[in-house]
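Thanks for coming. Please have the model open.

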Amino acid sequence: MIPSTPEPALLRALNPEQREAVEHFEGPELVLAGAGSGKTRVLTTRIWHLVTHHGVPTDRILAATFTNKAAGEMRERVAAMLGGDPRGIWMGTFHAIGARLLRRHAPELGWTRSFAIRDAEQSLREVRKAQIHARIDVRRWAPKAVRGYISDAKNRLVGPGEFESEHADDPDLLLRKVARVYPLYQSALRDQDAMDFDDLLLLPVRLMERNRALLERYRDRFAFILVDEYQDTNRAQFRLLELLAGGHRNLMVVGDDDQSIYGWRGADIGNILDFEDSFPGARVVRLEQNYRSTPVILDAANRVIRENRFRKEKTMRTERTGGAPVAILEAADETDEARWIVEEVERKMLRRPELDHRDFAVLYRTNAQARALEDRFMRRGVPYQVVGGVRFYERREIQDVVAYLRLIANPRDADAFDRVVNYPRRGVGKVSVGRLAAFAAAGRVGLLAAAERADEIAGLPAGARRGLKGLAGLVRRHAQLAGNRPAGEVLESLIAELDLVRILVEEGPEGADRAENVGELVAAARDFEAGLLELDEGDRDAFTDLGLFLQHIALVADIDAHDAGADAVTLMTVHSAKGLEFPVVLIGGLEEGLFPLTRAYDEEEQLEEERRLLYVAMTRAREELYLTHAQSRRRAGEVLRGERSSFLRVLRGLAKELRTDRVRSAARWSGRGGRVAPSRWRRRSDPEAGFNQDRPSFVKGERVVHKTFGSGVIVALSGFGPDMKVTVDFVGAGRKKLLVRYASLERDAW
């Protein structure tokens, strides 16, 4: 391809460190890209440089990232640089790349090439079914917790058999339960020709480890591999990269260990910290020039992150000058905090007319903090959007329609069948479904195949037989249609035959909105078809448009909808804000036990991740940054006294101190001998300073009783309030660490 921009112009736009990273050719390379340092420019320019300067064909390049948004932006930039779409390149999320590999080779592992992909909600239902099958009480042992352990195991490349062997006799009762559920859950997925998200990472690794010839084929195909957000990779992702790059070693990873904030989701910061050990001889390039924030904001963020021990040394700098000082606000409680934040947005817009509502973001550590903020924004009539609400593909009506599409594409999908068998109502009740399931199990056929033979099932009412045969016929007709027609056409035909729009509208006040959402799903299918026209035939891998559309839905369903174009203040958790930036950022809830969370004090690694989370939040700000905390806050139904976060201590003397009117008024009153003014900089290690946020309900040495583990003695306590943990030596079960709010401990009267 001929580049649309001459080489000198693209390279002259880079700073020396960026240019060094781009011009590196062969061998491993670690690019430590600090916040706002232009990492996307480096990645895309390097792809352009490989193609135009070194003559590397685009189909020999693999570029992996973590979000569809980032992958789309990368493709657009590369296309602009090359003067045309980079056809043949594999560019997408790790999950999308894993799915693409498995679409070609899944039969080697026991699935078909048209396997279904289960989203989080669907996999949770399957875990629940597996628990019931194993006779494990779903009320006592939460399926969400069980699924979390299974997900973690898969991300560590631990399969069901290995997990069962390791934990069948584990002292931890929950792990023993998971060891029974995991094999049943995985077997159910395979029987239904389905995979969950974690399988899209685990199974490609299994594939490459078992088939050396296939591995060599893909090593040759992907002569150059580039990875974005490398600090967020888990064990499975690392192993896949290690396998694919093991021959040529042309692996470039870009990331920032200071922004590794997904340890709770399986990300291993060791992947980036130990990169030079894993890939000896790697070139290391540090991008420390920040193009986003003012020097004041960077100074504050650098002070915070330098407190971490486990990090690669780097200090972000900027050529910008000036900037408003970072402000730390003390509020009386969460409502006072929210009131001040909303009014400050209004004041700021009056003082700076160039700002719009979209230029402000309010960030917080936990979703529960959004309630007080939303209430105040609504009362003041200030437009806002909350990122992290009900996502489009999670809406009930969308899940219903998509379940039909899943069943059309994969008649073995029992979860999809269960969802649609009596929606819309067709006279098939629970008793009839039970008889159908028994018939299917006895004949070793799927539920849909059994429905086609409803006349053979004893005890079925006539209405249920008609309903089941009608469903089977509808699915069969649309499966034939899907064989050669676009997904949008299949969808429109399905909606019309179900008379779904009328049914939704008649549901009541929200029915019209639901019908409109279904119409939006059709529009999404049509938009997807337009994108398919640009794919090479090899990219399609001979799959139907419907199959590709369902894969697309499964892989984008976890993306929060942040509408950058909406003129509204953005409210979101810090985790959701990763990768975004705003002129003005306000971070709420900087109190001990909330940010950082209490449980982070149990392990240094967790505390450092909390500090990285604050660093990420602070570096979202371009021009102004506010950090707020409250003297008290309602949490889990209790009003708790608040202590300023220890993370803010390093900002003493740098940040401007502010107080709300309520706090100032209280301070004046205390000066006349009334109330006591709150301490300004209390140390967490001083238990007498100011308050005990969550007075423990148990004490060390006390005897307690647990309904499963029996009688024991408390030997240690840690944490506060709803996050308080106790370590108990039980007479028969040994030592256990328990979260008090779930343990239902009682004092032993003996």
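**Overall form and charged pairs**

Of the 750 residues of the protein chain, 54% count as buried, where buried means under 20% relative accessible area, exposed over 50%, and partly exposed in between (1.4 Å probe, protein chains only). This is a predicted model, in which local features need pLDDT of at least 70 and side-chain atom pairs count only at pLDDT 80 or more, while totals for chains, interfaces and linings use all residues. Residues are numbered from 1 along each chain as its sequence is written, and side-chain values use heavy atoms, with hydrogens and water left out.

The chain has 31 helices and 22 strands; these are DSSP runs numbered from the N terminus, helices being H or I with at least four residues and strands E with at least two. The C-alpha trace spans about 85 × 80 × 55 Å along its principal axes.

Now the charges. How many salt bridges does the structure hold? There are 69, each defined as a side-chain nitrogen of Lys or Arg within 4 Å of a carboxyl oxygen of Asp or Glu.

Take K39 and E229, whose closest N and O atoms are 3.3 Å apart in a salt bridge. K39 is in helix α3 (residues 39–52) and E229 in the loop between β6 (224–227) and α12 (235–244), so this pair links distant parts of the chain, 190 residues apart. K39 counts as buried because its relative accessibility is 19%, and E229 counts as buried at 15%.

D196 and K154 also form a salt bridge, at 2.8 Å from N to O. D196 sits in strand β5 (residues 194–196) and K154 in helix α7 (residues 143–155), so the pair ties together parts 42 residues apart in sequence. D196 and K154 are both buried.

R219 is buried at 14% relative accessible area, whereas E216 is partly exposed at 35%.

Some salt bridges join into a network; its members include D336, R339, E343 and E623.
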